[in-house]
Amino acid sequence: MSIITLTSDMGIKDFYLASIKGSIYKALPDAKIVDISHHIMPFDIAQAAFIVKNTYPDFPENTIHIISVDPEPSLNSNHIVIFKSGQYFIGNDNGMFSLLFDEVPDQIWKLTPPENIGSSTFPSKSIFVWAASLLAKGAKLEEIGERIDKIRMRVAFRPVVEEELIKGTVIFIDGYGNVMTNIDKTLFDKVRDNRDFTIFFRGESYGINKICKSYNEVPPGEKLAIFGAGNFLEIAINKGVEGSGGGANKLFGIKLNDIIRVEFK
Amino acid sequence: MSIITLTSDMGIKDFYLASIKGSIYKALPDAKIVDISHHIMPFDIAQAAFIVKNTYPDFPENTIHIISVDPEPSLNSNHIVIFKSGQYFIGNDNGMFSLLFDEVPDQIWKLTPPENIGSSTFPSKSIFVWAASLLAKGAKLEEIGERIDKIRMRVAFRPVVEEELIKGTVIFIDGYGNVMTNIDKTLFDKVRDNRDFTIFFRGESYGINKICKSYNEVPPGEKLAIFGAGNFLEIAINKGVEGSGGGANKLFGIKLNDIIRVEFK
Amino acid sequence: MSIITLTSDMGIKDFYLASIKGSIYKALPDAKIVDISHHIMPFDIAQAAFIVKNTYPDFPENTIHIISVDPEPSLNSNHIVIFKSGQYFIGNDNGMFSLLFDEVPDQIWKLTPPENIGSSTFPSKSIFVWAASLLAKGAKLEEIGERIDKIRMRVAFRPVVEEELIKGTVIFIDGYGNVMTNIDKTLFDKVRDNRDFTIFFRGESYGINKICKSYNEVPPGEKLAIFGAGNFLEIAINKGVEGSGGGANKLFGIKLNDIIRVEFK
């Protein structure tokens, strides 16, 4: 029996999430449901893609991911399922999938639910649950959709790379106030090529010229750079908490989409 | 094995919820527990009733719902279980059940737990878990309670209906800022009788004279009326988010218990 | 199959928690995972200890508790597992375990994970999941660690007891605003010895000279003292909610670490 994960911007206060779970159990009494996050910023497909991108490699094969952020189909977005890396991803083709995967996936299927499937205002409950339940029961992709060859593309912010510079962007700030950039370890190591470097943020006000392997390589309250859980370059404060200046975001005043520069010499 | 759902005002930060779950697993190692919501406003039985009312139809038969909002019994409230629509509802008879169901249920049972069942300060953990675990194991209602024929009534705000008018009330605002009224689709269609209409809110400042089938029938940032997931008349903003005015509640300054008027002609 | 519980300061918005859950399911497809709380204040091991202390007695034998608060090992802290009261407790030996248990446990094992176990920045996902999965599959403690005889001690605030006085401290404030002290029922009853008493808080501004058995022994909005779910002396307001003064913490201006005095005569 496959795991079904749920990622959404629904929050956990309203009745929407429980309605989806009830519907899954109705179709599939033995379902195993795992919440990824329901606190994606409303309609923020970039954040949804980031969260799922950093989570799905930890899940077992055949896991089915329902991603319900901006789920209403439109003239130029269809409900689709993608099969990639041994796992299934169900959602609205609103651009999110192009941010989730680094390349256009091979196996893209447009969902073809039965006509009377129910609520048009709540496709996550009707259509996504229908698709996920059938897949979990072992249905083949051709039984729930028809193959297509494109997903809707949305331009991701990618780091700008020069001979002696990487210019990245802050793409996520976690609950500890750790600041994550879009500069991943592979890119960093390649451009660095064993040279010395300084990571600048807030213009040139702050600089770090070392990468730590763990947060407590520096004393509590001290800043550090690290490749964190998602393997992205991250600016952090070791044990930065409220009352002692907070996390890196508050202490340095760093916001989403701010520029982070790495200079090599 | 039945599903046991949990609805409460306990939040998810403290140890109460986990204590309940542990107690269920202790009694019932194979339990399937589903959280409905634990963010009901403290002691707000109307909100609890609304959330459960909009959720339980999505759950399979024999689901057991524990509703822990204002759970302490008093001189005029007993712990009861109601069997309705093939599902069980356990809670304190504090008026909530009269708001949850549109008519007095047929099968009402006063719980008769053993005397030494434990904590009087935490009946949700002791008494409700006792009842739910036995029901999940297949106990009959007469084994856990004695039949009674009344529940405590609490007056619900119902829409006022006239020849050319429905006057409803805002009963819930969801996490997107969508504003839900107590006017359901059946009532609306009956009174409307194919006539034109205008939905007024904030006095006569705003009006909508069309019902959408999906949120994105209007452009992002535009207001709409829709019968949402719960089939109640809802005022919404398509993709209304912080930074662009927010949801309908913030943009129009609509609050719980505000009046919404529908005029027909 | 054992239950695996998770307690952390990770929150539920980021991808960390889901990564841990996915990793558990990958190692153990039939895992039963229960969230205790993920809203421990960042790095607050005292709060983590308090939450787990009040929860674990409700869980069945062989439950495995992963506690991920300040999980990075350091020069003077190891990753350990403790077997106590028939249950397993996995975490970083940063002082938390000395606050969780009233005495030094007998069975303490230093974890000895394989060298290439993965992320040094995220030991909760790599090392704790490794240990928990093996224990859940039935591994013996000697297969995952080597026995040691000490845990790191951290001084807990304990009540000061005199002939006619107990001076306690506020150690937790729950979501209802109920104020919990470190004075437990056993200590209180022993010192009281059937004498009259007054519980003072905020200096001598407020006093209570009675212990209630349930919150609604007093009218809504009235203050009371009670031994709550965790069996600690608690100051509460019956049905204290926002808009009518709030819970005891807000109404009386009581904060964490404030002194609560009980005088006997």
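## Close-up views of a predicted three-chain model

**View 1. Chain A against chain C.** In this predicted model, 34 residues of chain A are in contact with 26 residues of chain C. Together the two chains bury about 2,500 Å². Carbon and sulfur atoms account for 59% of that area. The copies meet through different surfaces, because only 3% of the interface residues of chain A are also interface residues in chain C.

View 2. Three salt bridges join chain A and chain C. One of them pairs the side chains of A:Lys32 and C:Asp30, at 3.8 Å from N to O. On the side of chain A that touches chain C, the elements giving two or more residues are β2 (32-37), α2 (45-53) and β13 (223-227) of chain A. β2(A) gives the most, with five residues. By residue type, this side of chain A divides into 17 nonpolar, eleven polar and six charged.

**View 3. The rotation axis.** Chain A superposes on chain C by a rotation of 120°. The shift along the axis is 0.0 Å, and the RMSD is 0.0 Å. That is the relation of a three-fold axis. Which residue of chain A comes closest to the rotation axis? A:Lys32 does, with its C-alpha at 5.5 Å.

**View 4. Chain B against chain A.** Here 34 residues of chain B are in contact with 26 residues of chain A. The area buried between chain B and chain A is about 2,500 Å². Of this area, 60% comes from carbon and sulfur atoms.

**View 5. Polar links between chain B and chain A.** Three salt bridges cross the interface of chain B and chain A. Among them is the pair A:Lys125 and B:Asp58, whose side chains meet at 2.9 Å, N to O. There are also 14 residue pairs in polar contact between chain B and chain A, both residues at pLDDT 80 or more. On the side of chain B that touches chain A, at least two residues each come from β2 (32-37), α2 (45-53) and β13 (223-227) of chain B. The most come from β2(B), which supplies five residues. The residues on this side of chain B are 17 nonpolar, eleven polar and six charged.

View 6. Strand β4 (residues 79-84) of chain B pairs with strand β6 (residues 107-111) of chain B. The sense is antiparallel, over four bridges. Within this pairing, B:Phe83 stands opposite B:Gln107 in β6(B). β6(B) also pairs with strand β7 (residues 145-148) of chain B.

Key
Residues numbered from 1 in each chain as written. Chains lettered and ligands numbered in written order. Predicted model: local features only at pLDDT ≥ 70, side-chain atom pairs only at ≥ 80, totals over all residues. Heavy atoms only, no water. Least-squares fit on C-alpha atoms with pLDDT ≥ 70 in both. Contact = heavy atoms within 4.5 Å. Buried area = accessible area lost by both parts, 1.4 Å probe. Salt bridge = Lys/Arg side-chain N within 4 Å of Asp/Glu carboxyl O. Nonpolar A, V, L, I, M, F, W, Y, C, P; charged D, E, K, R; others polar. Pairing = 2+ DSSP bridges. Polar contact = N/O pair within 3.5 Å; in protein donor to acceptor, adjacent residues only side chain to side chain.
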